[in-house]
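Me: I have a model open and want to go through it piece by piece. Can you take my questions as they come?

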Amino acid sequence: MTGISLALNSRQIFGNKNKLLRAQGLTPVHIFGHGLPSLALQANTLELESTINRAGSSHLVNIKLDTDKKTRKAFIREIQRHPIKGYLQHVDFYQINLKEKVTAEIPIHFSGESPLLKEKGHKLTAPFTHLTVEALPDDLPPEIHIDLSQFDTLEKDLYIKDIILPGKARILNEPDLLVAKVSEIHLKVEAPVAVSLAEEPEVKPVVHTEEKETTEKE
């Protein structure tokens, strides 16, 4: 089995007593799914943090329960953290059916180098960071790869309809939306402000006068 895996165990502590659980380096977890009963579980906090960093919300996680012989596949659905201290308080997983299509926000990953971007005066325009993809769980790509080396002229535009995903996965966003292009940087040069001599304030000469000292005799 390849991919991201996480071991979960049954939980016997609930409610306010979850503080004791967190003090032991464990985090409360729930796993649920369509037509499936919700299970109260717990995970090693360090392993759970690593899984969150690797999986995000678009990668499937192989869940290994201590009470199951088979592995479950699930997405991270919700993450709750302490509003001030930031530590994990609770995580929800959504178990999926491998025979049913799922919809997920898949991140765009740029790779390679565009010859235009090596030159000054050009920039990459990329309005999207994620695209909405529908597929069977096993066909869902973890990322959408875009090779920047294809952008060798300013006329090269990449639209959603130009992206081909593996398997039967399909992008649900509008096909004519722009995904990426290299464009020129237009610098705005402000014209100098002309100052009329008539508008300059009049400078009056300073005249220094000498006062003679007078001595009064009594």
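Predicted model: local features only at pLDDT ≥ 70, side-chain atom pairs only at ≥ 80, totals over all residues.

Me: What share of the contacts with a separation of 6 or more comes from residues 24 or more positions apart?
Reply: That share is 63%.

Me: Which of them gives the largest share of the lining?
Reply: Strand 7 does, with four residues.

Me: Which residues line this pocket?
Reply: The lining consists of S57, F75, I76, R77, Y94, I96, V102, T103, A104 and E105.

Me: How does the lining split by class?
Reply: Six of the lining residues are nonpolar, two are polar and two are charged.

Me: Where does the pocket lie relative to the domains, and why?
Reply: The second largest pocket lies between domain 1 (5-98) and domain 2 (103-184), because both domains give residues to its lining.

Me: Pick one lining residue. Where is I96?
Reply: I96 is in the loop between strand 6 (88-95) and strand 7.

Me: Buried or exposed?
Reply: I96 has a relative accessibility of 10%, so it counts as buried.

Me: What does I96 touch, leaving out residues up to four places away in sequence?
Reply: I96 touches L60, K73, A74, F75, V102 and P137.

Me: How far is I96 from F75?
Reply: Their C-alpha atoms are separated by 7.7 Å, and the two residues are 21 apart along the chain.

Me: Why is H59 called buried?
Reply: Its relative accessible area is 19%, and buried means under 20%, so H59 falls in that class.

Me: Change of topic. Where is N173?
Reply: N173 is in the loop between strand 12 (170-171) and strand 13 (178-184). With 18% relative accessibility, N173 counts as buried.

Me: What does its side chain reach?
Reply: The N173 side chain reaches the backbone nitrogen of T132 at 2.8 Å.

Me: Which residues is N173 in contact with, beyond its neighbours within four places in sequence?
Reply: N173 is in contact with F128, L131, T132 and I160.

Me: Back to strand 7. What about H109?
Reply: H109 is in strand 7. At 33% relative accessibility, H109 counts as partly exposed.

Me: Which residues does H109 contact, neighbours within four places in sequence aside?
Reply: H109 contacts E143, I144, H145 and I146.

Me: Next, K123. Which strand is it in?
Reply: K123 is in strand 8 (residues 122-125). K123 is partly exposed, with a relative accessible area of 43%.

Me: What does K123 touch, not counting residues up to four places away in sequence?
Reply: K123 touches L117, K181, V182, S183 and I185.

Me: How far apart are K123 and K181?
Reply: Their C-alpha atoms are 8.5 Å apart, and the residues are 58 apart along the chain.

Me: Last one, G15. Where does it lie?
Reply: G15 lies in the loop between strand 1 (4-10) and helix 1 (18-23).

Me: Buried or exposed?
Reply: G15 is exposed, because its relative accessible area is 53% and exposed means over 50%.

Me: How far is G15 from P28?
Reply: G15 and P28 are 9.8 Å apart, C-alpha to C-alpha, and 13 residues apart in sequence.

Definitions and conventions:
Residues numbered from 1 in each chain as written. Heavy atoms only, no water. 1 Å grid on protein atoms, 1.4 Å probe; cavity = no way out; pocket = protein on both sides within 12 Å on 5 of 7 lines; lining within 4 Å. Helix = DSSP H or I, 4+ residues; strand = E, 2+ residues; numbered from the N terminus. Nonpolar A, V, L, I, M, F, W, Y, C, P; charged D, E, K, R; others polar. Domains from an automatic or database assignment. Buried < 20%, exposed > 50% of the residue type's maximum accessible area, 1.4 Å probe, protein only. Polar contact = N/O pair within 3.5 Å; in protein donor to acceptor, adjacent residues only side chain to side chain. Contact = heavy atoms within 4.5 Å.
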